[in-house]
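Colleague: Could you walk me through how to read a model like this one? I would like the general idea each time, then the case at hand.

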Amino acid sequence: MTAAAGRDPGLQPERTRLAWRRTTLSATVVALLAVRQALHRGATPAALIAVALSALAWLGFLVVAHRRVQRMGVPRPEPLAPGGALTATLCTMALAVFAAAMLF
């Protein structure tokens, strides 16, 4: 019996699906905190632009995460495409940059 034959294909995709959901929840919290921070300091044009860009980055991440979670429903899902990984990374970095910009 090989290691691949003895592997339970249902556990790893489930863990990955849960990790994507946790990460999406974290990105949602960051985006909501950005909105709260912008409204707390006053709705200046720069703050509104930062909130809009944060929402756009959050939506981009949400789309990538949703597609990945949907594709994890099979026993042997395909690896994440490089474009999806790049989009998720850029959206995460953008959220961090916009959050830092709102502090100043």
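**Reading the exposed and buried sides**

Modeller: Leu25 is exposed, with a relative accessible area of 56%; exposed means over 50%, buried under 20% and partly exposed in between, with a 1.4 Å probe and protein chains only. This is a predicted model, where local features need pLDDT of at least 70, side-chain atom pairs count only at pLDDT 80 or more, and totals for chains, interfaces and linings use all residues. Residues are numbered from 1 along each chain as its sequence is written, and side-chain values use heavy atoms, leaving out hydrogens and water.

Colleague: What is the mean pLDDT of the chain?

Modeller: pLDDT is the predictor's confidence in each residue, from 0 to 100. Here the chain has a mean of 81, and 88% of its residues reach 70 or more.

Colleague: Where is Leu25 placed?

Modeller: Helices are DSSP runs (H or I, at least four residues), numbered from the N terminus. Leu25 sits in helix α2, residues 11-41. Among the buried residues of α2 are Trp20, Ala27 and Ala31.

Colleague: How many aromatic pairs does a search of the whole structure find?

Modeller: Rings of Phe, Tyr and Trp (its six-membered ring) pair if their centres lie within 6.5 Å; planes under 30 degrees apart count as stacked, over 60 as edge-to-face and the rest as tilted. The search finds one pair. The ring centres of Trp20 and Phe61 are 5.9 Å apart and the planes are at 35 degrees, so the pair is tilted. Because Trp20 lies in helix α2 and Phe61 in helix α3, the pair ties together parts 41 residues apart in sequence. Both Trp20 and Phe61 are buried.

How values were computed: Helices (H or I, at least four residues) and strands (E, at least two) are DSSP runs, numbered from the N terminus.
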